[in-house]
Amino acid sequence: MNAAPECDKVLLVQAELDGELDAAEAAALAAHRAQCPICEAAAAELTHARALISEGLYQAMPEDVRGRVMAQIAAAQASRHAPDSPPLGLPRSRGREGWGLALWRRWGSSATGFGLGAACAAALAVLMVVPRTPDFAEQIVAGHIRALQPGHLEDVPSSDRHTVKPWFDGRIDFAPPVKDLAAQRFPLRGGRLDYVAGRPVAALVYQRDKHVIDLFVWPAAAGAAGPAQTAERQGYNVVHWAQDGMMLWAVSDLEAGQLREFAEDWRRSP
């Protein structure tokens, strides 16, 4: 019986899906997968498995279940403040507190505390959800943070858009718009190839004072348009919008108002 075909890069597929590859490694793997049915099949299987886990394990809690859980917690809390009274049949002494009542108080307090803890644990178990996949803004911020490591920010360092734009020819399957915003105090620094949500994208690098701005660009779905939307993740601000057939995501530690200004300058600039 012949051994199953293997590829020495198949383990990188899992690393790619976990976000452990840098942009250059991810782009190289994407080119390899296009020619390797083994890695392409592994990627499809892993993506399908993640989708099943993400969709199948999380379900919103029904309101009646939530109500019962909260009622149990409330009942356990109320029982802690109820008068001490030994259960039927437990001996009680006159005058000084007998051993039976003392035992009940010690045991009852412990049991009540245990009951409250158990109810809270049950509530947490029911309310807890499966760790979610990072949202798109978090992926964009993660890409920006990776790029800030020494030597990763620019593949083509240049303030000339006529140098940066042609550099992407043959490296990605679209032509990103590159604009010069030096007059608006957002000078171009260069560009690089990056990898977001399973596809290569263009990353244009701008700057305001000492703050780096990454602008991730890739083709938008047909008809996509709308005003800029903002978000904040891990202390970084994000602004995203669709324009002229492109999705654009800007991310920086720049103050939110100035990053929105950058987005508006980009939208108005020819």
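Me: Buried means under 20% relative accessible area, exposed over 50%, and partly exposed in between (1.4 Å probe, protein chains only). Which residues of helix H1 are buried?

Reply: This is a predicted model, where local features need pLDDT of at least 70, side-chain atom pairs count only at pLDDT 80 or more, and totals for chains, interfaces and linings use all residues. Residues are numbered from 1 along each chain as its sequence is written, and side-chain values use heavy atoms, without hydrogens and water. Helices (H or I, at least four residues) and strands (E, at least two) are DSSP runs, numbered from the N terminus. In H1, residues 10-17, the buried ones are Val13, Ala15 and Glu16.

Me: What arc do these residues cover around the axis of H1?

Reply: The arc is taken from the directions from the helix axis to the C-beta atoms. Val13, Ala15 and Glu16 lie on the same side of H1, because their arc is only 165°.

Me: Why does Arg192 count as buried?

Reply: Arg192 sits in strand E2, residues 188-196. Arg192 counts as buried because its relative accessibility is 2%.

Me: Which side chains make a polar contact with the side chain of Arg192?

Reply: A polar contact is a pair of N or O atoms within 3.5 Å; within protein, one must be able to donate a hydrogen and the other to accept it, and sequence-adjacent residues count only if both atoms are side-chain atoms. At 2.9 Å, one partner is Asp194. Also at 2.9 Å, another is Asp214.
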